[in-house]
Amino acid sequence: MNNRDVIEMFDRVADMLAIRGDQIHRILAYRKAAESIGDLGRDINQIYAEGSLTDIPGIGKTLAAKIEEMLTTGELEFYDRLSEEVPPSLVDLLRVEGLGPKRVKQIYDNLGVVTLEELTAAAAAGKLSELPRMGKKTEAKLLAAIEALQKHGDERALLGDAWPVAQEILTLLAEVPGVSKTAVAGSLRRMRETIGDVDLLVAAGDPEPVMELFCNLDLAESVSARGPSKSRIVLHSGLGVDLRVLPPERWGTLLSYFTGSKDHNVRLRELALKQGLSLNEHAFTPVDGASGNGGAEILCDNEEAVYGTLGLSYIAPTLREDRGEIEAAQADRLPQLVQLADLRADLHMHTTWSDGRLTILEMAQAAQARGLHSIVISDHSASLGIANGISIERLLQQREDINAANEEMGPEFTILHGTEMEIKADGRLDYPEDVLTQLDFVIASLHTSLSQPREQVTDRLLNAVWNPFVDMIAHPTGRLLPDRAGADLDMDMVLESAAATGTILEINANPRRLDLRDTHVRRALQLGVKIAINSDAHRAEQIDLLHYGVATAQRGWATAADVVNTWPLADLLATIKGDDHG
Ligand code: DGT
Ligand code: CA
Ligand code: CA
Ligand code: ZN
């Protein structure tokens, strides 16, 4: 079993316990454990081998024993026993919006419903409305929710899909008279790779015209809730959008509260309580008996004031996951996070030589227009036929095209000649070393046979990492969000080898990749690996995806110094492997 299997099992157990009506702290223990394992940048098998399972936040002796059982036997006896009591397919019913564990149990106990199909049939036959505390209205709502689930699924949206639509809506809301501020909040502001729903905030004295516009947007398929200061719509894509409107003098607490994460907020509230204050989206309020501030509310119109009141330096939204940022803020040791404006180079892009849309010169001009000073042209190598990978002969011819484009661009911009070379299924590299020595920058990557067993696919990648001519590994796991998981790499081993050989690892900024992911970035930095943030652009506009890569780097606590494409080109060239081709 790997990290994903353990997470899935713990989430499933938590859901089944909730349906059974178990104690809340027990359910939360499984959820928290699943979440911390999700945050691990390392293989849980390795942590087990080191005997340090209980060092994982939220894992005590009991859960450690369960993890051990799963890792050593591939099974969990507790789950098997639980399944006899709670049919595992009941967990699927929880995917229906508005159906919580209590309701699921009630429906199961009374109607014997265990699958989504049976639930649909029972609702259509009017059987749900006959249950206590249900009624026709709830039944109709559930039927609509089942239909929505079947139509759109319950996959979380990709960051890259949610971000542009949120900006579009905010632009419209900002034009409403009386609106002084607008912002995204929630997981979207934290730039998580997937988004459950979009949270939008508006500061305005009178919320009514804002709500009116919001609930009548062409983008909206339906309005799920409309209130005086809070509404929710569902877009045609199935994505939910929450909007809250508050007066501007409460903007700081509002933004802080709805940016989350929940875990981060819990920590902030604990700190507030230590000062005798309760903190919510409206204000800090002295709790009973506390005399601070004469019992009056403390309003914060900006987030700096919220953190300041708690004695903390400002914490960037991309760090707010309760992964040590509170402690770092207390010690004034937060990282100076890398910013989009720090990027000078893009080390991975494609042209018409393989499967890109633009010529080398056009790509260079597009990059320059976006403030970059250099690019690596890295077209696909021969064996990637579907991407029109190029032969050795054509690769060597490409040099002339690069030279001509460099001439055209002048001294202020540099185009390097590279390749995105396939690591073949048997681990061999696509071009021989005498070809690689003629290139300025060599990228190696996996696109095929990603589902090989862990050891095999890891060895395959390590072969590239240890090759003296390979400068960077692109999108290391090869995952494609939302549903291609990518290679089951021994990431620690990859990272340690990258550190030992000076091989750069990429954060591929394409929102379907974001690979390395945030937790792997954090681990990479701990091990001293150098990171690059690249667009992998096949068209000019894709260079604009770099900001998603920057956000992922920030979520991994990266500073500009950690990211090689913020460096002056001379420094970058001086550190890439083997000066023989630098
Ligand atoms: P998502 O939508 O699943 O990608 O994740 P978030 O973080 O956007 O979560 P969401 O939309 O449920 O709520 C937005 C923020 O509002 C969340 O990050 C923190 C805050 N929030 C919502 N519900 C609660 C709550 O019950 N307790 C606390 N402390 N904060 C909450
Ligand atoms: Ca959300
Ligand atoms: Ca929400
Ligand atoms: Zn590529």
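How far from an N or O atom in the side chain of serine 187 is an oxygen atom of ligand 1? In this predicted model, the separation is 2.5 Å.

**Ligand 1 and its shell**

| Residue | Distance from a side-chain N or O atom to an oxygen atom of ligand 1 |
|---|---|
| Serine 187 | 2.5 Å |
| Arginine 190 | 3.0 Å |
| Aspartate 197 | 2.8 Å |

Ligand 1 on its own exposes 590 Å², and the protein buries 74% of that area.

**The calcium ions**

Aspartate 197, which contacts ligand 1 through its side chain, also bridges the calcium ion (ligand 3) and the calcium ion (ligand 2). These two ions lie 3.7 Å apart. The calcium ion (ligand 3) is coordinated at 2.4 to 2.6 Å by Asp197 (OD), Asp197 (OD), Asp199 (OD) and Asp242 (OD). Along the sequence, the donor residues of this calcium ion (ligand 3) show the spacing D-x1-D-x42-D. Two of them join distant parts of the chain: aspartate 199 belongs to strand E4 (residues 198-204) and aspartate 242 to strand E7 (residues 240-246), 43 residues apart.

Why do aspartate 199 and aspartate 242 count as buried? The class of buried residues requires a relative accessible area under 20%. Aspartate 199 has a relative accessible area of 11% and is therefore buried; aspartate 242, at 12%, counts as buried as well.

**The zinc ion**

The zinc ion (ligand 4) is held at 2.1 to 2.2 Å by His348 (NE2), His350 (NE2), Glu420 (OE) and Asp536 (OD). The donors follow the pattern H-x1-H-x69-E-x115-D along the chain.

The angles among the 4 donor atoms of the zinc ion (ligand 4) run from 80 to 164 degrees, and the site is irregular. A tetrahedral assignment would require all angles to lie between 85 and 135 degrees.

Terms used
Residues numbered from 1 in each chain as written. Chains lettered and ligands numbered in written order. Predicted model: local features only at pLDDT ≥ 70, side-chain atom pairs only at ≥ 80, totals over all residues. Heavy atoms only, no water. Donors = N, O, S within 2.8 Å, 3.2 Å for Na, K, Ca; no water. Tetrahedral: all angles 85-135°; square planar, octahedral: opposite > 155°, others 65-115°. Polar contact = N/O pair within 3.5 Å; in protein donor to acceptor, adjacent residues only side chain to side chain. Areas by Shrake-Rupley, 256 points an atom, 1.4 Å probe, with all protein chains shown as cover. Helix = DSSP H or I, 4+ residues; strand = E, 2+ residues; numbered from the N terminus. Buried < 20%, exposed > 50% of the residue type's maximum accessible area, 1.4 Å probe, protein only.
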